[in-house]
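This report describes a structure for a reader who has not seen it before.

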Amino acid sequence: MKKAKRNAVLALIIFVLLVAGMVYTIIFGLGSDKAGRAEDIILGLDLRGGVSVTYEIVEDDASDAAIAATQDKLQRRVDNYSTDGEVYREGSNRLTVEIPVDTSKYDPNEILDSLGRPGTLEFIDSENIEGFSSNGPYEAALTGADVKEATAGIREDQTKGTKENVVSLQFTDEGAKKFATVTAASVGKPLYIVYDGQIVSAPNVNEAINGGSAEINGLDSYEEAESLASTIKIGALPLTLRELRSQVVGAKLGTDAVNTSLLAGAIGLGIVFLIMIIVFRFPGFIASIALSVYVILELFFLQTLGISLTLPGIAGIILSIGMAVDANVIIFTRIKEEIADGKTVKTAIKNGFSKAFSAIFDGNVTTIIAGVVLLWMGSGSVKGFAKTLILGILLSMFTALVITRVLLGAFANLGVTNKKLYGQAKTRKVIKFTRAFKFTGLLSIILIVGGVAFMFVNKNMDHRGEMLNYSLEFSGGTSTTVTFDKQYTLAEAESEIAPVIADAAGIQAATIQIQTVDNTNQIVFKTSELNESARTAVNKALEDKFGLTDDKIDSQNISSTISSEMQRDAIIAVVVASILMLIYIALRFSDVRFGAAAVIALIHDVMIVFMVYSVAYLSVGGTFIACMLTIVGYSINATIIIFDRIRENLKSMKDDYDVIVDTSISQTLTRNIYSTLTTFSTILMLYIVGVASLKEFTLTLIAGLLCGLYSSIFITGPLWLFLKKHIGRKKASPDKDANKQPAKA
């Protein structure tokens with residue numbers, strides 16, 4: 001006993017030291033590079049503001065070398081605005097540019113214009129400059145493709161004690177040969193540097209230059225040298241680019257998103273702590289400590305793994321907190337049941353974790369499957385959501401199954417074994433849920449059919465004739481989110497603001513879709529696809545008319561090409577995730593009827609949430625994919641809890657299958673309610689205080705949670721019972737199957 005207490009004290013001391021170390025790390029970081037510091041977590045563009053654009057390469061036969069050269073040139077252009085900017089390749093013929101930048105200091109539309117401009121950079125000697133000036137024939141000595149690097153600098157002459165602003169040039173191997181030839185023929189004459197048809201510099205050639213490097217001097221200021229170096233460096237793009245998708249996020253909108261999301265997370269977490277302590281007493285307090293560690297670990301790994309935190313990513317974290325709570329609820333409910341069976345607290349803790357493991361493991365794995373599909377098939381912010389969701393689930397399993405277990409075991413060994421501190425499950429009356437299946441099933445059918453019917457209503461009401469309210473990702477076009485200095489009604493927006501946008505963009509005001517955001521000054525305007533000049537005109541008109549600044553305007557542009565791909569990927573993602581989950585459940589439960597019932601219930605939940613999208617006319621876009629697959633994962637998690645209990649009761653009960661199913665649902669009823677309540681609390685806070693772009697996403701997640709609670713009680717178990725009775729060998733009760741051993745979890 002003394003040894004057990006000594007080990008318990010040692011475990012608690014080690015835990016406190018580790019937590020203190022983790023807290024220190026996320027505040028101050030480790031080592032010279034400050035690894036793990038939360039302050040250095042990479043924020044996505046939607047949280048810190050900036051410009052994002054995806055280009056498609058027009059040339060069908062573009063080589064990898066040409067694409068790499070184009071990527072390099074784009075990166076050089078990006079470096080002029082931010083050293084944190086990134087250019088990366090997507091698929092075989094696309095390049096995506098992301099530039100975190102303060103949009104109050106740079107005109108984002110000018111950035112977009114300069115990035116994709118093909119550009120022509122030429123070095124023209126004195127003999128050919130007349131042909132260039134008169135639009136006649138001329139031959140350029142070098143082009144931008146011949147320049148490897150251009151750098152501004154200051155050269156000091158130690159003997160004269162003078163400083164001179166210069167631009168250092170490095171040429172490619174081929175460019176070095178061309179430059180040597182033209183300088184040898186141009187000694188004493190100027191060599192003209194021309195960008196996009198304009199002479200930007202005309203340095204005099206003093207001597208033939210070999211070796212592949214040169215220096216331009218005589219510049220009046222360092223700023224002039226820097227500007228010239230930048231112009232030469234970005235040069236001409238080897239390939240032609242066509243804009244597919246672009247987004248401009250104002251810095252203020254990003255800051256508001258971070259602040260409100262953090263507030264929502266803090267309030268939601270506080271509510272979860274309160275619920276856990278009230279319902280589960282001392283174990284609930286321990287779970288709150290474990291959840292706090294979960295948050296610390298999440299921050300640490302976000303920074304060390306270099307995961308960009310996006311707005312949907314924050315939603316993924318908050319949702320995974322709900323999953324962590326769910327695991328603790330399952331464990332603590334089992335502990336209460338063990339205490340009710342007369343077990344000691346120590347034995348109840350051991351048995352509770354053991355019996356809860358399979359349900360927790362299977363439920364989290366199925367949600368991870370949904371996250372992996374999102375990561376594989378999603379793009380942009382959807383990938384950010386998937387990364388944080390997967391990381392959060394892994395950490396939630398660790399904190400629930402390891403940290404909570406260690407802490408409870410340590411305190412139990414120290415004598416915290418009063419059963420009143422842990423609670424005791426009450427013997428609950430078995431409710432005949434299976435008898436209600438005919439009514440609940442009919443209700444579900446009515447809701448689903450109603451949702452489909454509303455699609456035809458929408459088609460008649462929508463000016464585009466669309467059955468659903470497709471957002472930019474699925475329909476293409478331009479969306480502009482504006483934060484005004486006061487709150488406008490929808491009627492005021494239509495009469496006062498829409499005409500301003502229509503005049504600036506050259507479109508009909510009646511074609512503009514307007515969406516006001518409750519309890520905010522934000523309004524979203526959706527139009528047909530606008531080019532860069534039209535977007536600039538719209539921004540200027542809004543600024544002049546309503547006294548706005550760039551940081552209060554967030555615009556997004558998506559072509560119809562990429563939107564059709566997103567629609568296809570959304571369908572494939574849901575199908576792939578469903579098939580993978582069906583396979584996993586069928587293997588884990590050694591009965592395809594479990595898998596079939598789970599997937600049918602899953603489709604039921606998806607269709608009910610789809611009904612919400614149809615009736616409420618919510619935007620169907622990129623976050624729609626994330627929402628649906630999240631609901632798929634969470635729905636399966638609730639289903640597995642029921643199936644795990646049915647599987648367990650099949651071993652010990654000799655009653656009819658109807659009684660086993662009703663008993664299993666009754667035994668897990670409080671778990672389902674508490675898990676939904678805690679997750680609901682975190683998501684609800686994000687909906688209440690979160691930014692506009694997350695409100696529809698969180699609203700549908702809430703609908704999915706409530707639907708998952710409903711289906712786990714009234715649909716899942718009865719559906720398995722129906723399949724058990726009517727598919728395969730018919731059995732009235734498990735008695736005849738007594739010799740068959742169910743699969744072990």
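## Terms and source

A salt bridge here is a side-chain nitrogen of Lys or Arg within 4 Å of a carboxyl oxygen of Asp or Glu. The model is predicted, with local features needing pLDDT of at least 70 and side-chain atom pairs counting only at pLDDT 80 or more, while totals for chains, interfaces and linings use all residues. Residues are numbered from 1 along each chain as its sequence is written, and side-chain values use heavy atoms, with hydrogens and water left out.

## The chain as a whole

The chain contains 23 helices and 17 strands. These elements are DSSP runs numbered from the N terminus: helices are H or I with at least four residues, strands are E with at least two. The C-alpha trace spans about 105 × 70 × 50 Å along its principal axes.

Of the chain's 745 residues, 54% count as buried. Buried means under 20% relative accessible area, exposed means over 50%, and partly exposed lies in between (1.4 Å probe, protein chains only). The areas come from the Shrake-Rupley method with a 1.4 Å probe, and for residues only the protein chains shown count as cover.

## Salt bridges

The salt bridges number 18. One of them joins R155 and E164, whose closest N and O atoms are 2.9 Å apart. R155 is partly exposed at 33% relative accessibility, and E164 is partly exposed at 26%.

K355 and E338 form another salt bridge, with the closest N and O atoms 2.8 Å apart. This pair links distant parts of the chain, 17 residues apart: K355 is in helix α11 (residues 345–377) and E338 in helix α10 (residues 311–340). K355 counts as partly exposed at 35% relative accessibility, whereas E338 counts as buried at 4%.

In the salt bridge between K725 and D658, the closest N and O atoms are 3.0 Å apart. K725 lies in helix α23 (residues 716–726) and D658 in helix α20 (residues 657–667), so the bridge ties together parts 67 residues apart in sequence. K725 is partly exposed, with a relative accessible area of 29%, and D658 is partly exposed at 25%. Elsewhere, a network of salt bridges links R334, E337, D362, D644, R645, R647 and E648.

## The second largest pocket

A pocket is found on a 1 Å grid over the protein atoms alone, as an open set of points with protein on both sides within 12 Å along at least five of seven lines; lining residues have an atom within 4 Å of a point. Grid points are joined across faces, edges and corners, and the volume is the space filled by probe spheres set on the points. The second largest pocket holds about 660 Å³ of space.

Its lining has 26 residues, and E337, A425, K426, R428 and Q667 lie nearest the centre. Elements giving two or more residues to this lining are α8 (251–280), α10, α19 (622–652), α20 and α21 (669–689). Helix α10 gives the largest share, six residues.

By type, the lining of the second largest pocket has six nonpolar, nine polar and eleven charged residues. Ala, Val, Leu, Ile, Met, Phe, Trp, Tyr, Cys and Pro count as nonpolar, Asp, Glu, Lys and Arg as charged, and the others, Gly among them, as polar.

## A nonpolar surface patch

I571, V575, I579, L580, I583 and L587 make a nonpolar surface patch of about 570 Å². Patch residues have over 30% relative accessible area and no salt bridge; like charges are joined within 9 Å, and nonpolar side chains (Val, Leu, Ile, Met, Phe, Trp, Tyr) within 5 Å. I579 lies in helix α17 (residues 560–589) and is partly exposed at 45% relative accessibility.

Technical notes:
On a 1 Å grid over the protein atoms alone, a cavity is a set of points where a 1.4 Å probe fits but cannot get out, and a pocket is an open set with protein on both sides within 12 Å along at least five of seven lines; lining residues have an atom within 4 Å of a point.
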